[in-house]
Amino acid sequence: MSIQELPVQETPVQEPHRAPGADARDAEGLSVWPRSARPEPDADVSVGGVSLAEAADRFGTPVYVLDEQEVRERCRAYRTAFPDADIVYAAKAFLCRAMAHWVQEEGLGLDVCSAGELALAVTTGFPPEEIVMHGNAKSPEDLRTALRLGVGRIVVDSTSEIARLAAITPAGTRQKVMVRVVPGIAAGGHAKVRTGTDDQKFGLSLTDGSAQHAVTRILDQPHLELVGLHCHIGSQVTTVKPYVAAVRRMVGLLARVRDQHGIALPQLNIGGGHAIAYRPGEEHLNISVLAGRVRAELEDGCARAGLPVPRLTLEPGRAIVGPAGVAVYRVLAVKRTGAHTLVAVDGGMSDNPRPALYGVRYAPRLIGRPSSTPPRLVTVVGRHCEAGDILADEVALPGDVRPGDLLAVPAAGAYHLSMASGYNLVGRPPVVAVSDGIARVLVRRESLDDMSRRDVGL
């Protein structure tokens, strides 16, 4: 059996543990929900011991509910699967002060892409030396902030960045850097998130020699210390095979660097992109299988090349926070046009642009009241002035869905609020953490006053 054909659940021992009642939750259609999700009376669902219907009443809708223990368990699962690696949480998936605090407490580093993400993390107390700075077009402010705050590693994404960074690094210091390599591997759930090939904006090509040229240029800079190589092949990758191929090519480049420059780089960062399931039956990447195959390929490849095994770094984001989040909306209108039923809710593309960007599909659920009406296919649409503002296309909901109902959308923790916009000046929803029956606001709802203050007037 090939690596790509390995069953997703072949080796589940390193996955976050299955909570009591997991089989019952699967039967209830809760397989892609947080592990703490439980069916409650009146067709409600609780997460972290908190009723979602009650959370909607207390905090208003839309509201994002984030299961703290789910986040922590997923951090621990990565630490268990990769005990000898650095696990760095990709903040772009979702970042707030509490999230930074949770991943730090669980022993993870942080991957940031801007001065804003970096400043939020450091002012929360995150150790800057445990932070990796990314970005294909880092601004001068990004680089100056990274140097001023003492970021552990900066991933160089272009040759022009090398000279720019070297010029502003303070005298008497050396900034640790890595080179982002494009390994020539196509992987990911959509063309817009495949970052391992030469036809996109990230990194330096392995094929045309740009990556090796960047290595040479960095080694010529006395204020820069090259500590390793980085690659990220894409997002929503469901199989292990492309990661193994990437490791093989990166080890080959490590060997060429050793042969050309006489140095063995001590670190290898293989990025993230680990897929999660958004709907029941979809595949996710099994991290224990990934750990075994990557470790074997890295050790075998280094042995063949006569290289010491570099310390591995991984950058999961979606796989840590995505399954921990649930978005709750209230139905505002139901419209039937011909054979189609459109269910409009009080959120949409301003808090979740992913369906419009990538055509992704979700599995919303009616909560807060029972229904014995047979399901029918409906399209859940948002409130914004775009025909493409669709949250869930052709999904089964009870045929009597009506205004005032609550719809809960699981797997909503990643790339919703982190990509949210101010379209139509609706205001971004709050984020509420739940744990052990307690709910608390992490990020408050954005108000009209918040948005008005930025408009400095006539």
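The protein chain contains 13 helices and 21 strands; helices (H or I, at least four residues) and strands (E, at least two) are DSSP runs, numbered from the N terminus. This is a predicted model, in which local features need pLDDT of at least 70 and side-chain atom pairs count only at pLDDT 80 or more, while totals for chains, interfaces and linings use all residues. Residues are numbered from 1 along each chain as its sequence is written, and side-chain values use heavy atoms, with hydrogens and water left out.

**Overall form**

- A compact globule of 458 residues would have a radius of gyration near 23 Å, and the protein chain agrees, with 23 Å. The radius is taken over C-alpha atoms, and the globule rule is 2.2 Å times the number of residues to the power 0.38.
- Taken along the principal axes, the box filled by the C-alpha atoms of the protein chain is roughly 70 × 65 × 45 Å.
- Of the contacts between residues at least 6 apart in sequence, 70% join residues at least 24 apart (contact means heavy atoms within 4.5 Å).

**Surface and charge**

- Buried residues make up 54% of the 458 in the protein chain. Buried means under 20% relative accessible area, exposed over 50%, and partly exposed in between, with a 1.4 Å probe and protein chains only.
- The protein chain exposes about 19,100 Å², of which carbon and sulfur atoms supply 51%. Accessible areas come from the Shrake-Rupley method with a 1.4 Å probe; for residues, only the protein chains shown count as cover.
- There are 50 positive and 52 negative side chains, and the centres of the two sets are 2 Å apart. Lys and Arg count as positive and Asp and Glu as negative, without His and the chain ends; the place of a charge is NZ of Lys, CZ of Arg, CG of Asp or CD of Glu.

**Aromatic pair**

- The structure holds one aromatic pair. The ring centres of tyrosine 278 and tyrosine 362 are 5.4 Å apart and the planes stand at 80°, so the pair is edge-to-face. Rings of Phe, Tyr and Trp (its six-membered ring) pair if their centres lie within 6.5 Å; planes under 30 degrees apart count as stacked, over 60 as edge-to-face and the rest as tilted.
- Tyrosine 278 sits in the loop between strand E12 (267-269) and helix H10 (287-305), and tyrosine 362 in the loop between helix H12 (354-358) and strand E16 (365-367), so the pair ties together parts 84 residues apart in sequence.
- Tyrosine 278 and tyrosine 362 are both buried.

**Backbone details**

- Most residues other than glycine have a negative phi, and most peptide bonds are trans.
- Threonine 61 and proline 62 are joined by a cis peptide bond, with omega about -10°. Proline 62 is in the loop between helix H2 (52-59) and strand E4 (63-67).
- Aspartate 42, not a glycine, has a positive phi of about 60°. Aspartate 42 lies in the loop between strand E1 (38-39) and strand E2 (45-47), and counts as exposed at 55% relative accessibility.
- Aspartate 436, also not a glycine, has a positive phi of about 55°. The loop between strand E20 (431-435) and strand E21 (438-443) holds aspartate 436, which is exposed with a relative accessible area of 69%.

**Helices H4 and H2**

- Ala98, Met99, Ala100, Trp102 and Val103 are buried in helix H4 (residues 97-105). Glycine 107 follows H4 and has a positive phi, near 85°.
- Aspartate 57 lies in helix H2 and is exposed, with a relative accessible area of 60%.
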